[in-house]
Amino acid sequence: MKKFNLAALPLAVAGVFASTSAFAGTEACFEVYKTTNDAAGVVEAHDILYTPAACTTTRTVAGATSLASVVNTSIAWELTGDVDVDLETTGALPRSVIVYIPTTDIPPASRITMELSGADFGTANANQIYLVSKDLATGEYQTVASSDGSFNDTSKVEFLTKAGVTIGAGTRLMLSQTNPEGVAEDGTLIESIAIHIENDETCNIDPEVTIKAISAFTDAGTIIAGGKSSNTGATAIVDISEQFEIVVSPQATNEILVDAEDPSFRQEFVVEQNGSGDWVGQVISTDGSIDTSAFWETRFVNNHDSLDQAVAVHADDEVILSTYTTAPTGDGVTLSLLANIGDGAFDNLGNGTVLDAAQADHITIAADTDVQLVDIEDLGTDLIPLTETSMSYDIDAAELFPSDADTNVFVAARLMNSDDEVMEFNYEVKTTWSMDFNNSAYLDKNGCETPTPFEVGVNGAVLKVPYALTDASSGFVRITSEHTTEATIFMDIFDESSNEEKNVNLGQIAPKASNVLRTSDLLAAAKSAGYAGTGSRHTMTFTVTAPKNKVHGVSVQTVPGGVDRVLPVLDQNDWSE
C-alpha cells in the first residue's frame with residue numbers, strides 16, 4: 001500500500017485543490033450510501049463541488065446543490081453484542097460509501113476529528129484511514145488527509161491534512177482504508193472503513209451508528225466552522241433493527257369467564273369471536289357459547305431478508321416462555337401454543353389468525369397440517385401445567401422462526417381445561433418471553449416481553465364466608481338474588497386441616513328470592529359430595545349464576561343464650577355493603 005507523505009507538494013499541484021471561492025460555510029456534511037465494491041463502485045459526484053454553506057435537509061442525489069440520500073448498511077440488533085462490521089463487504093450492495101464534505105476551505109496542516117456514536121473503529125482499519133478526493137483537473141484520486149496516531153478500539157479518529165494543500169470548500173472526501181494517490185478513478189482502488197459494535201442492552205435497541213466531525217482547527221488553532229458538524233449534525237452510517245420479533249402486536253388481555261351454569265358447572269369457559277376476529281371473553285353468557293378452551297393471539301416475525309447482516313438460526317437457539325398464575329386454576333387447566341408451522345403454512349395466512357370459527361377445535365385452516373401444537377421441550381403433551389410458581393419452558397427457535405428468510409408466524413396461546421375437572425377463577429395468567437442464542441456474542445432477549453394473555457373470572461356472583469362452625473347447628477347463610485331469572489348456587493368448602501371439596505351443587509334460587517342455607521345442611525351436602533372435613537371451622541365460597549351486582553348475602557352464627565353473631569360475607573360487587 002502506498003503510504004501517505006506529509007511533505008509539502010509543489011505549488012502547482014497544491015493549487016489544483018484550491019477552491020475558486022472559500023464559501024462561507026457553517027458546518028460540515030456527510031453523505032452515506034451503498035454501492036458495489038468493484039470498478040464501478042466509485043464516489044458519486046466526486047468531482048462536483050457542493051456549493052451551499054450548510055447541509056441541505058432534503059436529500060436527493062449528490063450534486064452541486066444537493067446531497068445524496070442516506071442509505072445505510074443494516075445490521076440485526078441481535079448481532080451487535082460484539083461484532084465487526086466491514087462496510088466494504090456487507091450486503092447485496094456491499095460497499096457503504098462515507099463521504100465528508102467541508103463547506104469552507106480547509107487550510108494545509110489542519111486537524112479534523114471525527115467521532116462514531118454507537119460503535120468504535122475496532123482494529124480492522126489498522127490505525128489508518130485516508131480522506132480521498134478526486135482531482136478536478138486530472139480526474140485522478142488524491143489523498144489529501146490521513147489519520148494521525150493510533151485509534152484502534154476507540155470511537156474517535158483525528159485527520160491531519162497535507163502540508164501545502166488547501167482542501168477546497170465543497171470537496172467530496174471519501175473515508176478509505178486504502179491510499180489511491182495519483183491514479184485514475186477506479187472503484188477497486190478505494191475501500192470503505194470497518195467498525196466494531198458492542199452493545200449490552202437486551203431489550204432497548206440503540207437504532208443506529210452515527211458519525212460526525214466534532215472539531216476542525218487550523219495549524220494555528222483557529223476553529224474552522226465549515227469543517228465540523230453542527231451540534232445536531234450526526235449522520236447515520238449503520239441502521240440497527242430487531243431481526244427476531246417476539247410477541248408482535250399481541251391481543252389485549254383476554255378477559256374470559258368460567259361458566260358456572262348448567263351444563264358446564266365450571267368445567268368450561270364462556271367464549272366468543274368478536275367483530276375484529278379476536279377470540280375474547282364473553283360478559284353475558286346467554287349471548288355466546290361455552291368451550292373448554294379460550295385463546296389469545298400474537299405473532300413471531302423474522303426480518304432476515306431486510307438486513308445486510310443477519311443471524312442464521314442455530315439448532316440450539318431457544319425461545320423461552322416463563323409463566324405462572326396469580327391464584328390456583330384447577331387441576332385440569334393447561335396452557336399451550338398453536339401456530340401455522342405445518343406443511344406449507346409459512347405464508348401469510350391472509351386472515352391474520354390460526355383460529356377458524358367454522359371448526360369445532362377452532363384450529364383447522366386449509367389443511368390439517370397447517371396449524372400445529374408448538375413443541376414444548378421436555379413436555380411430551382406440549383401442554384404446560386399452570387401453577388402460582390413461575391416455571392420456564394424451552395422452545396426450539398426454529399419452531400417459531402422456521403427459516404433463514406422473512407417469516408411471519410401466527411401464534412395462539414390456548415387456555416384449556418380437561419373435560420372432567422372443575423376450574424377455579426379470579427386469576428391472571430402471566431407470561432415472560434425471552435430468546436437465548438447459542439452464540440454467546442449475540443444479544444439474548446431477557447424478559448423483553450411480559451404480556452398477560454388471560455384474566456379469568458366467573459359468570460356469576462361470588463360470596464365468601466370466612467368461617468362457619470361445625471357445632472353451630474342453628475347457624476345459617478342467607479343468599480338473596482335480585483335477578484329476574486332462576487340461578488344455581490354452588491359451594492367450595494375447606495377446613496383447617498386442608499380437607500376440600502369443590503363445586504357442591506346446592507340447587508336453585510328463584511328470581512327475586514332468598515335461600516336460607518343452614519350450616520348443618522351445608523356440611524351434610526358437602527359430605528355427600530365427598531367432603532372429609534374434620535375441623536371445627538370451615539371456609540365456604542358460594543358461586544351464584546346471576547350478575548354479581550344482583551346477589552348479596554349474610555352469615556349468622558346463633559349463640560345459645562346470647563346474641564347472634566352476624567359475620568360479613570365478602571363479595572365482588574361494585575357497591576359496598
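Author: A residue is called buried under 20% relative accessible area, exposed over 50%, and partly exposed in between, with a 1.4 Å probe and protein chains only. The model is predicted: local features need pLDDT of at least 70, side-chain atom pairs count only at pLDDT 80 or more, and totals for chains, interfaces and linings use all residues. Residues are numbered from 1 along each chain as its sequence is written, and side-chain values use heavy atoms, leaving out hydrogens and water.

Reader: Why does Phe30 count as buried?

Author: Phe30 has 1% relative accessibility, so the residue counts as buried. Tyr100, at 0%, is therefore buried as well.

Reader: What makes Phe30 and Tyr100 an aromatic pair that is tilted?

Author: A pair of aromatic rings is described by the distance of the centres and the angle of the planes. Rings of Phe, Tyr and Trp (its six-membered ring) pair if their centres lie within 6.5 Å; planes under 30 degrees apart count as stacked, over 60 as edge-to-face, and the rest as tilted. Phe30 and Tyr100 lie 5.6 Å centre to centre with 50° between the planes, and form a tilted pair. Phe30 belongs to strand β1 and Tyr100 to strand β4, 70 residues apart.

Reader: Why is the pair of Phe244 and Phe437 called tilted?

Author: The ring centres of Phe244 and Phe437 are 5.8 Å apart and the planes stand at 45°, so this pair is tilted. Phe244 is in strand β13 and Phe437 in the loop between β25 and β26, so the pair ties together parts 193 residues apart in sequence.

Reader: What makes β1 and β2 edge strands?

Author: In the open sheet of 10 strands, ordered β1-β4-β9-β6-β7-β8-β5-β11-β12-β2 with mixed pairing, β1 and β2 each pair on one side only.

Reader: How many bridges join β34 to β35?

Author: Three bridges join these antiparallel strands, and Ser555 has Leu567 in β35 as its bridge partner.

Technical notes. Two strands pair if DSSP finds at least two bridges between them. Helices (H or I, at least four residues) and strands (E, at least two) are DSSP runs, numbered from the N terminus.
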